[in-house]
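Dear colleague,

Please find below the structure that I am handing over to you. My notes on it come after the model.

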Amino acid sequence: MRVRLSALWAAVALAAGLFVLLGYFVQFKAIQDLRLTFLHWAVLLAGAALIVGLVNLVSVHWRKVGLLEEGWIYSAVLILALVITLGLGLFFGPDNAVALFIFSNFQLPVETSLMALLAVSLVVAGFRLVSRRRDLYTLIFLATALFVMVGTAPWPLPGLGTFEVVVRDLRAWISQVWAAGGARGILLGVALGATATGLRVLLGTERPYGG
Amino acid sequence: MTGSAWQGLAALAVFLGLLLLFAALGRRLPATFRPIPAFEALGRAIERAVEAGQRVHISLGTGSTVGQESAPAFAGLAALSSIARTTSMSDRPVVATTGDAAMAILARDTLRSAYQSVGAAERYEPTAGRLLAPTPFSYVAGLPLVLATEGVAVHMLIGSFGVEAALAADFGERENAFVIAGTDDVQSQALFFATAEYPLIGEEVFATGAYLEVGGLHTASLRTQDVLRWAIIALILGGTLLSTFGVLR
């Protein structure tokens, strides 16, 4: 029975995938409508999955609190914050003043701080890179990053007109010709890889939905 | 159907044809791939983690399941399946985290199937595939706790990431974990190059399944990608030459 069920899931996934894919190429109204319907269902299911995800999130942290595992206090704070914000959102709506206050004064500053931390982390990572991976690629990577950064930043010293223009032109040449060319090459490879991944799911050999 | 639609379908048919051809050739024409240091080191790192009773953590990224950003996460799921089977006898089974709820469900299904396939269904824990947080930066904010408290020795990032990629990899480095990271976004790849010990560049993230020997079709799809990449390079060079000499306008 289990084998039959897994074959059924694979058939459903294959059929849905084929219709969505065909909808990109074939202009028949019925297929287009079916494709849109499937995509709407996918968005709805993703929304429903969020509820399952939240239950999973709470169960993970609930267990940590229950067993007093290392870092349980953070889990307790998470559960408490989740209950408060969820309750406020459910009873007063997501746009009420308290919910907006919490978002603007807790979540937004924390995420902005992480963004600021990112800059520091990258500088540290740059130094770490020099000591850990001393090869030609690292040298080119760091030199280019440094040069593009200097070329983009406001020029600190007056009276270096021609030199400044040369640096800025060189920066533009590096980022618009070399970097853009390299990025396009990477994107072509990524597109091929993504197509292969999609086809493997469509062929039913890769079944992340079980079976 | 428009001309571009026919071209798209034809390209897809060629892709599929080559994929099936290489899958059929399989063992009769064994493939030899260039060594990628990250995957060579990964095997050793996983062995060390299992022996030391430490855990492998796989991050499937912060991208949505709906849309093109799901592709690298599906590559991550293939890696998850392979590593879960390999480490099924470990004291501390693999943990997968994601910033997308639907991907968390897929991670749990993948883990369950992997353990069942090696006859170790009892190793499956529903909390091993988790939604860490639903936004990119809150996801990253949750990572240090997982890495610090769950004995993570291998921190594998295979999925869709934005700028938070740098922090996600850096937190692993701070815990002295083995960090391997790959994504589809070009800018995030640059961040991984700077922050991760073993970055996967370009489409190497999609080669994960083939290098971890997940299945024959993974090897076949990598060979197909290689053939088509050379075909595209030839077309670009040919087009450039024809355009230079005024044959194409």
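The following paragraphs set out what was found.

This is a predicted model, in which local features need pLDDT of at least 70, side-chain atom pairs count only at pLDDT 80 or more, and totals for chains, interfaces and linings use all residues. Residues are numbered from 1 along each chain as its sequence is written, while chains are lettered from A and ligands numbered from 1 in the order in which they are written.

Chain A has six helices and zero strands (DSSP runs of H or I with at least four residues, and of E with at least two, numbered from the N terminus). Its radius of gyration is 26 Å, well over the 17 Å that the globule rule gives for 211 residues, so chain A is more spread out than a compact globule (the radius is taken over C-alpha atoms, and the rule is 2.2 Å times the number of residues to the power 0.38). Along the principal axes, the C-alpha atoms of chain A fill a box of roughly 75 × 50 × 40 Å. Of its 211 residues, 12% are buried (20 or more other C-beta atoms within 10 Å of the residue's own, with C-beta atoms placed from the backbone; exposed means 12 or fewer, and partly exposed lies in between).

The contact takes 53 residues from chain A and 56 residues from chain B (C-beta atoms, placed from the backbone, within 7 Å). On the side of chain A that touches chain B, the elements giving two or more residues are α2 (29–66), α4 (97–132) and α6 (161–202) of chain A. Of these, α6(A) gives the most, with 16 residues.

With kind regards

Notes:
Contact = placed C-beta atoms within 7 Å.
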